[in-house]
Amino acid sequence: MISLLHTADVHLGMGFPGLGEKGRDHREQLKRTFARIVDLALAERVSLVLIAGDLFDSHRQSEPTLTFVREQFLRLREGRIRVALLAGNHDPLGEGSVWTRARFESTCDNVTFFGPEPQVVVFQDLDLTVIGQSVGPDGPQTLSPWPRDRATRFAVGVAHGSAYREGVVEAGTIHPADIRRLGLDYLALGDWHSAQAVTGPPAPAWYAGAPEFLAMDQEAGQVLLVKIPTPGQAEVRAERVGRRRYRRVGIDVTGLDAERVRARVTAEVDLDTVLDVVLTGAAAPQMLIDVRELEEAIQDACFRARVRNQSTIWLEEEALEAFPERTLVGRYIRLLREQTAAAPPEERPILEEALQVGVNMLLGAEGS
Amino acid sequence: MRLLGLRIRHFRRFQDAVYTFDPRLNVLVGPNEAGKSTLRHAILTAFFVNPATTSKKVAEWRPWGSESLGSIALEFEMDGRRYELRKDFERRRAELRDLHHGLTWEGVRAQEKVLQALGLSTEGLYRATAMIEQAEIATLRVGSADIGTRLSRVVQAGPGDQEAGAVIKRLEKDIAELERGLDRPVKNPGTIRRLQNEVETLQAQQADLQRRIARLDTQREELRRIRGEYEAGARELRDKEALLRENQDFLAMEAQLKPLREQERGLAERIAAIEKGYARLQAIGRDLEALQAQGVPDDVAIARLHGARGAVQNQRREVERQQEAIRAAAARIDALSAAPAASPWTGAFLPAGVVLLVAGMAAGAAGALGRAGAALFAVALTLLAGGLALVYAAYRHRRRLAELRLERESAALRLDEMRETLRAAQDAMAQEEAALRAAAAATGSATVEEAVSRHARLRNLVQERTAVQSQVEAHLGGGKIEDLREELDRLRADIAGREAVLMRPEAQAKRLTPLQVQQLEHDVKDLTQKVHRLQARQDHLERETAEGAPDYEVLVTLQEQLADRQEALEAARRKARVYRAAREGLQTARQQILIPARRLVEERAGEYLSVLTLGAYDKVQIEEPPLRVAVWVPQADAWMEPAEPALSRGTADQIYLAVRLALVEVLAEGNHPPLLLDDPFGTFDPERLRAAMALLRKVSVAHQVLLFTCRPEYEPFADRVIALSDQPPPPELPGPLWQPPPQTH
C-alpha cells in the first residue's frame with residue numbers, strides 16, 4: 001500500500017495587504033502550518049509527501065525561509081519520508097527563480113524536484129512511479145505529453161495548473177480526458193486554493209487546496225491524506241492543518257436593529273477567524289447600523305474582521321411615513337434620495353452613505 | 001378626534017381600568033404614582049403600537065404576576081361617527097370598528113385609519129406636537145433662542161434646528177479634523193493629511209526598498225552571470241594556459257632539437273670526415289707502398305738529374321742558337337745572291353746622260369746665239385741637270401754591285417765556320433743527353449720527368465698523409481671514433497624521442513604555429529586580466545549581496561502597512577466626502593424646512609396670546625429658520641423678542657404656550673388630535689393659570705384636552721374631572737367598550 005500526503009499552494013512569504021499589521025503574524029503562521037504538515041506526515045508515516053506547486057508565493061524569499069523549508073525536508077528525511085515537489089505558477093522555473101537559490105535536492109537527498117519537462121521518477125523500494133512537471137517560464141502545461149507507461153505497480157502524478165471545465169475554465173491546462181488517459185492511481189494537483197476533486201476513481205485527481213488561510217472568499221486549511229491499497233483504489237481523506245478560518249457571514253438587516261445585528265455578528269467571532277460580514281437587505285432609517293463602529297467593536301475578537309454594508313436604507317413609503325416631509329429628517333431623507341437619483345453612478349454610494357450618516361446623527365442627536 | 005372611553009386590561013399597573021372622557025376639557029387628577037403616566041402611555045400605545053410587534057418592550061407591559069399580555073380598548077368619536085379601537089397584545093391583533101356602520105378594519109388597515117384620524121403619523125410626531133410635558137414650559141430658559149429651539153423641535157417632530165445645527169457642527173468638526181492641513185502645513189495635521197504623510201512615507205520606504213531590492217536583484221543576477229563568465233573564463237584560461245604550456249614545451253623542444261640536430265650533423269660530419277680520413281690514409285698508405293715498390297729517387301738523385309737535364313737543355317739551346325745563326329747566314333748569302341747585277345734601265349743611264357749633256361750644251365750654245373736666248377738657256381740648264389743626274393746614277397749602280405760581290409764571298413766563308421761549330425755542339429749535346437738518360441735509369445725511371453714525378457708524388461703523399469692524420473686527429477679531438485659513434489647514436493635517439501613527442505597525433509592536434517602561439521600568449525594574457533577582473537567583480541558583488549541582502553519580509557510587511565494605510569486613507573477621504581454630502585444635505589434640508597402655514601400659526605398664536613395675556617399682547621411674528629419668535633409690544637410700539645428684560649419670563653412662557661398650541665392645528669394638517677398635557681403650568685401664578693385654563697377651554701372647542709395633574713387648581717375649569725385610582729370600573733358601563741373581551745385561547 002502506498003500512503004501519500006498531498007499539499008500545495010502553501011505560498012510561503014505571501015503578503016497580506018488585507019490583514020494590515022497582522023500580515024506578518026500570518027506570514028509566520030504559514031510556516032507554522034507547513035511545519036504542522038510535516039508533523040502530520042511523520043505521524044501518519046506516509047511514504048511520500050507531494051507538494052504540487054506554489055510552495056513559495058514568489059521568488060523573493062529570505063534566506064531564513066529557505067533554511068526553514070530545508071529543515072522541514074530534513075525532518076522528513078529523518079522519518080524516511082520522500083518529498084516530490086515542483087514549481088508552480090507563483091514560483092515558476094526560469095531566470096532568477098527561487099529554486100535556483102534553494103536547490104533543496106542538493107542538500108536533502110529525500111527530495112525530488114521536477115523540471116520543466118515531464119519527468120518520471122521510479123522509487124523501486126515503494127514499487128512506485130511518480131510523474132511530475134514544474135511550471136516553467138511559459139506557464140502551466142497540459143498533461144498530453146506525459147508518458148502513460150509505468151514500470152511499477154503504483155503510479156502517481158503531480159502537476160500544477162487549472163483544471164479545464166468547458167464553458168467555465170476554458171483556459172485550464174489540466175484536462176480530465178488527459179487525466180483519464182494517463183490512468184494514474186492518483187494525480188496531485190495544485191493551483192486552486194480550496195480542496196476539491198477533478199476526477200473520481202479509478203484515476204482520481206484532487207486539488208489539495210491551500211493548507212492555511214490565504215485570502216477572503218477561499219475555503220482553505222486542509223491537506224489530503226491518500227492511501228492506495230491497490231492500484232486504482234485510492235482513498236482520499238482531508239485533514240485540517242490550518243489554524244485560521246475564513247468565515248463569511250451574511251446578515252439580512254431588514255427588520256433588525258443594531259443590537260440584534262451586533263449580536264448575530266458577535267456570535268461568529270473567534271480569535272482565529274477571519275470574519276467577513278456582509279450586511280444586506282434594507283434597514284429602516286431609525287434602525288441604521290454604524291458599520292465602522294460594528295467593525296471596530298469585533299476587530300479585537302477576531303483575527304481580522306471586515307464588515308461590508310451592502311444594505312440599503314429602507315425608503316419605501318411605509319418607512320417614510322415615520323418621517324413626514326415637513327420634518328427635518330423627512331426632508332433630509334427626501335432631499336438626499338433625490339440627489340442620489342440625479343447623481344452620476346459613481347457618486348451614488350457616497351450620497352447613500354451620507355443619507356444613512358445624516359439620519360443616524362440626527363436621530364442620535366435626538367436621542368441624546 | 002375625541003376620546004369617549006378607555007378600558008385597560010392587564011397593562012402594567014392596570015388590571016382592569018375603565019375611563020370615560022368629556023369631549024372637551026378633562027382634568028385627570030391623582031397623586032403621584034396614581035397611574036397618570038401609565039394612562040398616557042396606554043393612550044399612546046392604543047394610538048401607535050402594533051400588537052403584532054415582536055418588540056421585547058411589549059413584555060414589559062405585563063402586570064406583575066401575570067403571564068399574559070393585556071389589551072387596550074378605546075372608543076372615540078370623529079366627524080360625528082363613533083369608533084371602537086381594540087388592541088389585544090396577547091392575541092397580537094388590532095381591530096377598528098365603525099360603530100355606526102358596522103365596518104371593521106384589522107391590523108395595518110386599522111392602524112392606518114387611526115393615524116389618519118390623528119393627523120400625526122408617528123408617536124414621535126404626536127409627542128412633539130400634541131403633548132406638552134410637565135417640564136416643557138417650566139424648563140424654558142429665558143430667551144427667544146431657546147423658545148425658537150423648542151418650537152423647532154415641535155415643528156420638526158424630532159431633531160430640531162438646534163440638533164440639526166449640532167449635527168452640522170459635528171460634521172464640520174469631523175470634516176475639519178479629516179481635512180486639516182490639506183491646504184497648508186499645520187502643526188497637528190488632520191486624519192487625511194496624516195494618512196497621506198504615512199502613505200507617502202511608506203511609499204518612499206517601499207520605493208527605496210524596492211530600489212535596493214531591484215539593485216540587489218540586479219547584482220545577484222550580475223553575480224550569477226559573472227560567476228558563469230568567471231567559471232567559463234577560468235576554464236578557458238586553464239585550457240589556453242595548458243595549450244600554451246604544451247606549445248611552449250613544443251617550441252622549447254624544437255628549440256632544443258635544433259642544436260641537437262646541428263650537433264648530430266656536426267658529429268656525423270666529424271665521423272664521416274674521420275672515416276674519410278681513415279680511408280684516405282689507407283689509400284695513401286697503399287699508394288706509398290706501390291710507389292716505394294717502384295722506386296723513388298731521393299733528393300740527391302733528383303738534384304743530379306736536374307743538373308744533367310740543365311746541361312742538356314743548355315747544350316740544346318746552344319745548338320739551336322748555332323742552327324739559327326747558320327740559318328741567318330745562309331739567308332744572307334741567299335739574299336746577297338739574289339740581288340740583280342744590272343737592269344736594262346740602269347744600263348741606259350749612262351748613254352742617256354751623255355746625250356742629255358751634249359743636248360744641253362748645244363742648247364746653251366744656241367741660246368747664246370739666237371734671239372730666244374733666255375728660253376734656250378733654261379732648256380739647256382734642264383738638259384744639263386738631267387744628263388748629270390743620269391751619269392751619277394750610273395756611277396752609283398756600278399759601285400753597289402762591286403760591294404755585293406765582296407760581301408757574298410765573305411759570308412760564305414763564315415757559314416762554313418758556323419756549320420763546323422754546330423756539329424761540335426750537337427755532339428756535346430748528345431753526350432749530355434746520354435748522361436741524363438743514364439742518371440734517370442739509375443733512379444728506375446724512364447725519364448727525368450718520371451723520376452721527378454715519382455719523387456713529387458711521394459712527397460705529396462707523405463704530406464697528404466700528414467695532413468689527413470692531423471685532420472682525423474682534430475676530428476677525434478683526442479677521443480675515439482667509437483665514442484663519437486656512441487655519442488651520435490645517443491644524440492640521434494634523443495632527437496628521435498623528442499621528434500616522436502612532437503609528432504604524436506594529440507600533440508599534432510594541439511600544435512600551433514609560432515604566430516598562433518604568440519596570439520595565444522596574448523589571449524592568455526588578456527584572459528588572465530579578464531578573469532582577474534571578473535574575480536574582483538565577483539568578490540565585490542558577493543560582499544555587496546551578502547552585506548545588503550534584501551529583507552523581502554520587510555518589503556512585504558511594508559506593502560501590507562501601505563495597503564492598510566491606503567485603505568484607511570481612502571476610507572478617510574470617502575468619509576470626508578460622505579460627511580460633506582451629509583452636511584450640505586442637512587444645511588439644505590434645514591433651509592427648506594418651512595413652518596407650514598406660518599401666517600395661520602401667527603394668527604392663531606396671536607389669538608391665543610391675547611387670551612393668555614388678557615389682551616395685553618395679541619400679535620406674534622415668527623421667522624424661520626431658526627424659529628425666531630417676536631411679539632408686538634404696544635407700549636414700545638415695536639416687535640420684541642420674548643426675553644428679559646424686554647418681557648418678563650412669565651410673559652415669555654405665555655408666548656411659548658400660545659405658539660406651541662397654535663402649531664398643533666397646523667402640524668396635524670387640519671386634523672384635531674386630542675391634547676395630552678402633563679401638568680404644564682406648574683410655574684404659572686394663579687392669574688396666569690386662570691388665563692391658561694381659559695385658553696385651554698378655548699382650544700378644547702377644536703381639540704379635546706386631557707390634562708393630567710396632581711393638583712386641584714385645574715378642576716374648576718374642567719368639563720370633567722377624573723380622579724385616578726385603582727378603583728373598579730363604575731357599574732354603568734356604556735357602549736360596547738365595556739363588553740368583556742373575547743376569550744383567548
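In the predicted model, chain B contains 19 helices and 14 strands. The chain runs to 745 residues, and 29% of them are buried.

Chain B meets chain A through 39 of its residues, which contact 38 residues of chain A. Three helices of chain B, H7 (161-179), H8 (191-294) and H16 (552-592), each supply at least two residues to the side that touches chain A. The largest share comes from H16(B), with 21 residues. By class, this side of chain B divides into 18 nonpolar, 10 polar and 11 charged residues.

The surroundings of A:Val156 can be listed in detail. Leaving aside residues up to four places away in sequence, A:Val156 touches A:Leu4, A:Leu128 and A:Val130, together with A:Leu184, A:Asp185, A:Tyr186, A:Leu187 and A:Ala188. In soluble globular proteins, nonpolar side chains tend to be buried together.

Chain A carries an open sheet of three strands. The order is E13-E14-E16, and the pairing is parallel. Strands E13 (245-252) and E16 (304-309) of chain A stand at the edges with a single partner strand each, so one side of each has no neighbour in the sheet. On average, neighbouring strands of this sheet are turned by 15° against each other, direction ignored. E13(A) pairs with E14(A), residues 273-280, in the parallel sense over eight bridges. Within these strands, A:Arg248 stands opposite A:Asp276 of E14(A). A helix covers part of the sheet: H7 of chain A, residues 291-299, lies across E14 and E16 of chain A. H7(A) runs at about 165° to E16(A).

Further along chain A lies helix H9, residues 328-342. H9(A) has 15 residues and reaches 21 Å from its first C-alpha to its last, close to the 21 Å expected at 1.5 Å a residue. The buried residues of H9(A) are A:Leu328, A:Val329, A:Gly330, A:Arg331, A:Tyr332, A:Ile333 and A:Leu336.

In chain B, strands E9, E10 and E11 are linked by antiparallel pairing. E9(B), residues 620-623, pairs with E10(B), residues 628-633, over four bridges. E10(B) pairs in turn with E11(B), residues 638-640, over three bridges. B:Val631 takes part in both pairings. The bridge partner of B:Val620 in E10(B) is B:Val631, and the partner of B:Val631 in E11(B) is B:Met640. Four residues lie between the strands in the hairpin of E10(B) and E11(B). In this hairpin, B:Asp637 takes a positive phi near 55°. Strands of a sheet pair through backbone hydrogen bonds, either parallel or antiparallel. The strands described here include both kinds: E13(A) and E14(A) are parallel, whereas E9(B) and E10(B) are antiparallel.

Technical notes
Residues numbered from 1 in each chain as written. Chains lettered and ligands numbered in written order. Predicted model: local features only at pLDDT ≥ 70, side-chain atom pairs only at ≥ 80, totals over all residues. Buried ≥ 20, exposed ≤ 12 C-beta atoms within 10 Å, placed from the backbone. Contact = placed C-beta atoms within 7 Å. Nonpolar A, V, L, I, M, F, W, Y, C, P; charged D, E, K, R; others polar. Pairing = 2+ DSSP bridges. Axes fitted to C-alpha atoms, helices over the stretch in contact; angles between N-to-C directions. Expected span 1.5 Å × (residues − 1).
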